[in-house]
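I opened my notebook for a slow walk through this model. Here is what I looked up, entry by entry.

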Amino acid sequence: MPRYVCIHGHFYQPPRETPGLDAVLTQSGAAPWHDWNEKIWAECYAPNAAARVLDKDGFIARLSCNYARMSFNFGPTLLTWLERERPETYVAILDADRKSRERHGGHGAAMAQAYNHSILPLCNARDRDTQIAWGVADFEHRYGRKPEGMWLAETAIDTPALEAMAERGIRFTIVAPSQVRRVRKLGEGAWTDVSGGRIDARRAYLARLPSGRSIAVFAYHAALSQAVAFERMLDDGARFAQRLLGAFDATAPAGASQLVHIATDGETYGHHHRFGEMALAFALDHIEAQSDVRLTNYAEFLELAPPQHEIEWFEPSAWSCAHGVGRWSTDCGCNFGTSGPNGRFSQVWRSHLREALDVVRDGVMPMFEREGARVFQDVWAARDAYVDVVLDRSPATLDRFFARHGLRPTDSEARVVGLRLMELQRQAMAMYTSCGWFFDDLAGIETQQVLAHADRVLQLAASFAADEIAAVERSFLAVLERARSNVPQRGDGKQIHLGEVAPRRVELADVAAHAAVRRLFQPVQVDETLYAYAISSTVARREQHGRSSLVVTRVDVRSTQTGESGAFEAVAAHLGDLSLVASARPATDATTFDAWARELAAGLHRGEPVRLAAAIEAASRRGAFTLRTLWHDERTHVLRHVLRAALGDVDTAYRRILESAAPLVRFLEEVGEPLPTELEPAMHFALQRELDQTLAAPEPDLEHLARCFAEAKRERKDAAADANAMRMEDLLRRAARAFAARPDERVALARLARLLDVALEAPFGVDVSAVQEIVFRIGANARADGRRLANAGDANARAWLDAFERLCERLRVRP
């Protein structure tokens with residue numbers, strides 16, 4: 001069968017973790033989701049693991065794991081997030097590669113990716129080689145096999161990058177047609193110019209390298225890829241499939257193998273185009289139904305139809321820049337066309353940003369090699385191997401790492417030094433993530449993210465050589481000062497860094513202060529993890545004075561990344577309403593600590609909030625944290641406590657208004673007159689409070705919830721649609737999982753069915769796809785069991801079967 005189709009998805013998200021915390025904090029732009037990773041997971045990564053295929057009546061007839069039938073790569077940093085936050089999707093991705101291997105002669109759908117999505121032609125030799133080494137190691141760790149192909153960020157290639165991949169055993173990569181200069185048949189002398197994207201994309205090509213090695217190259221079908229990504233081809237799965245099938249060369253010799261293949265961002269299927277995953281599933285089904293076409297992946301096709309032609313390429317080049325790799329280094333003209341009051345945005349800042357980061361990378365290198373030589377046999381070999389620790393920070397992995405690379409493997413102090421040096425290098429590579437240059441302005445969150453990684457490098461390096469690194473930082477800021485935002489009020493790169501990035505730097509004392517805030521609002525004393533830190537705290541004093549409260553505690557903090565630790569004395573005080581202050585200082589002796597705690601408590605009881613706040617601020621050289629400066633998610637936790645009390649007062653006031661106006665409201669409703677607009681805020685608030693309290697209950701009263709929804713629909717209130725929809729979806733998921741655990745229990749089935757009825761009557765849209773998936777997956781077996789018992793005369797089974805059929809009808813699923 002010489003005709004094949006392959007659809008490749010490049011699934012990737014930039015790192016969003018706060019470097020010192022190694023955690024993604026709330027991103028308001030992604031609301032109502034916690035952050036952009038979570039939003040895109042809900043819209044793309046999860047749906048593609050179970051894409052709905054509908055029958056002629058619009059019912060779900062099948063769930064398709066698209067990953068198993070396509071080619072894909074997932075960025076290692078995204079997989080790390082999925083493994084930690086959404087393990088069910090992570091497992092589905094790994095399982096898809098296994099199923100693909102079974103289907104395609106041992107060749108899996110998954111490709112590796114160079115680790116940090118850096119533009120490899122712009123990396124120095126060491127970073128380039130480590131990026132590929134880490135990408136290979138990450139892939140082997142997750143998929144349990146060696147990668148055959150590797151995706152490079154933005155498909156950016158040059159000869160050293162191709163050489164480095166080939167040296168690591170990578171057999172193929174993917175490029176844009178525009179990156180190929182000329183081709184010729186193997187063994188022939190004459191070259192054919194194919195510049196401008198004129199290459200025949202329906203075959204594999206060979207790239208011969210100066211070392212004598214070679215690597216296969218696939219140049220994707222540009223027009224089809226463009227149509228999928230930007231021309232709404234995914235509005236119609238049938239049209240999508242027909243366009244792919246129509247791209248074969250009808251004049252090709254009989255028996256000549258052809259591959260029609262496209263490559264786009266994987267997020268195209270669901271995030272960029274809603275329901276794109278369903279169009280993809282339909283297209284894959286349609287193509288599989290053809291007798292003369294087969295779905296494949298690149299590795300299988302390479303075995304079936306080895307390259308018969310070789311290429312020469314433009315160097316350097318990438319798929320999203322017409323000027324080589326200028327988009328990540330110069331004002332080349334590639335941008336999104338953003339304009340402001342002063343005209344179209346300039347990207348002159350790109351070159352200054354890259355120069356500034358180079359200053360940091362190169363400036364810390366002498367210190368890194370000097371200090372590294374004291375603890376490692378070969379510090380650069382240790383860096384290449386450190387990915388094993390990044391993937392698994394267990395004691396056993398650390399023991400193996402230091403046994404192989406350390407000079408004093410069991411010395412705990414040497415280990416801390418070594419881990420700090422390795423983390424410094426991990427951050428130094430992360431600061432070259434391509435997204436920092438891709439968008440139109442210096443002040444964007446993507447650029448701030450790479451600056452945050454640079455700041456973490458400087459922080460870790462300064463702990464070894466403060467004066468030396470202070471000079472590096474001054475040079476870094478001097479270069480950044482030349483980079484200007486297109487938004488005048490944001491200023492230059494130095495202002496952005498010092499004003500918006502550097503204040504987010506995390507020190508051990510900051511962790512201790514936040515631990516005290518947690519103790520203030522969560523009285524139970526436990527050892528816990530606070531982001532990337534292990535915390536052990538002992539409350540020495542807890543005081544209350546009117547509506548003000550204070551906690552003084554001893555806190556031991558240990559970084560789970562570097563092993564560095566510290567002992568602190570921390571205080572947090574809530575002085576009413578939005579006034580909160582917290583700080584920490586290095587631990588002192590018991591007598592000094594007790595005296596300090598007594599003085600703080602006395603200040604609280606004297607009713608001197610200003611003096612107490614000043615004393616707390618003075619305790620730390622970095623000043624105090626306030627509600628405005630707490631880490632975002634910690635602030636959210638505190639605000640929930642603060643707002644609970646404040647809204648209680650508002651609730652009381654509104655209820656009094658409504659109680660006094662109740663006779664008037666009833667009369668107006670009876671005679672069909674509209675309510676006074678003056679009463680609407682009180683009624684809306686009361687209704688939302690009812691919904692909040694009902695939805696927050698572990699087992700909500702469904703009948704009361706239904707009445708609340710009916711009231712909201714009658715009064716045309718939006719009832720905090722996004723937040724309440726997500727709560728309802730969570731309730732539905734939990735009820736569906738409870739039913740799936742014991743599908744024979746009529747109580748669980750009845751509760752799920754009633755909850756679904758209530759959800760579908762909500763005054764806002766509720767996504768029931770997760771429930772559809774769960775019920776569909778267990779439905780066939782559960783229905784068969786119920787039908788067998790019902791046919792045998794079991795009345796309970798007959799009642800269960802009838803209820804289950806009604807549930808499937810409501811969910812529009814046909815297991």
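**Entry 1: an aromatic pair**

Does Phe11 count as buried or exposed, and at what relative accessibility? I find Phe11 at 0% relative accessibility, so I note this residue as buried. I keep in mind that this is a predicted model.

Next I looked up the aromatic pairs, and the structure holds 30 of them. For the pair of Phe11 and Tyr45, I read ring centres 6.1 Å apart and planes at 70 degrees, so this one is edge-to-face. Phe11 belongs to strand β1 and Tyr45 to helix α1, so the pair ties together parts that lie 34 residues apart in sequence. Tyr45 is buried too, with a relative accessible area of 0%.

I then turned to Phe336 and Phe439. Their ring centres are 5.5 Å apart and their planes are at 10 degrees, so I call the pair stacked. This pair links distant parts of the chain, 103 residues apart: Phe336 is in the loop between β14 and β15, while Phe439 is in the loop between α15 and α16. At 32% relative accessibility, Phe439 counts as partly exposed. I also see the charged end of Arg327 over the ring of Phe336, 5.0 Å from its centre.

**Entry 2: Gln13**

I looked up Gln13 in the loop between β1 and α1. With 6% relative accessibility, Gln13 counts as buried. Which side chains make polar contacts with the side chain of Gln13? I found Arg16 at 2.9 Å and Tyr45 at 3.1 Å. Setting aside neighbours within four places in sequence, I list contacts of Gln13 that include Asn37, Ile40, Thr77 and Glu267.

**Entry 3: strands β1 and β12**

I checked how β1 and β12 pair, and they run in the parallel sense over 8 bridges. Arg3 has Gln258 of β12 as its bridge partner. The charged end of Arg3 sits over the ring of Phe248, 4.6 Å from its centre. In β12, 7 of the 8 residues are buried, so I describe this strand as largely enclosed by the rest of the structure.

**Entry 4: helix α13**

In α13 I marked Thr397, Leu398, Phe401, Phe402 and His405 as buried. Why do they fall on the same side of α13? They cover an arc of only 125 degrees around the axis, which puts them there. I remind myself that an α-helix has 3.6 residues a turn, so residues three or four places apart point the same way. On the other side of α13, I find Pro395, Ala403 and Arg404 exposed. The buried residues pack against α11, α12 and α14. Phe401 and Phe402 also turn up in one aromatic cluster with Tyr115, Trp134, Phe376 and Tyr386.

Most residues other than glycine have a negative phi, and most peptide bonds are trans. I went looking for exceptions.

- The peptide bond from Ala31 to Pro32 is cis, with omega near 10 degrees, and Pro32 is in the loop between β1 and α1.
- Glu315 and Pro316 are joined by a cis bond with omega about -10 degrees; I place Pro316 in the loop between β14 and β15.
- Arg232 has a positive phi of about 60 degrees. I find Arg232 in the loop between α6 and α7, partly exposed at 48% relative accessible area.
- Phe275 has a positive phi near 65 degrees. Phe275 lies in the loop between β12 and α8 and is partly exposed, with a relative accessible area of 38%.

Terms used. Residues are numbered from 1 along each chain as its sequence is written. This is a predicted model: local features need pLDDT of at least 70, side-chain atom pairs count only at pLDDT 80 or more; totals for chains, interfaces and linings use all residues. Side-chain values use heavy atoms; hydrogens and water are left out. Buried means under 20% relative accessible area, exposed over 50%, partly exposed in between (1.4 Å probe, protein chains only). Helices (H or I, at least four residues) and strands (E, at least two) are DSSP runs, numbered from the N terminus. The arc is that of the directions from the helix axis to the C-beta atoms. Contact means heavy atoms within 4.5 Å. A polar contact is a pair of N or O atoms within 3.5 Å; within protein, one must be able to donate a hydrogen and the other to accept it, and residues adjacent in sequence count only if both atoms are side-chain atoms. Two strands pair if DSSP finds at least two bridges between them. Rings of Phe, Tyr and Trp (its six-membered ring) pair if their centres lie within 6.5 Å; planes under 30 degrees apart count as stacked, over 60 as edge-to-face and the rest as tilted. A charge sits over a ring if NZ of Lys or CZ of Arg is within 6 Å of the ring centre and within 35 degrees of the ring normal.
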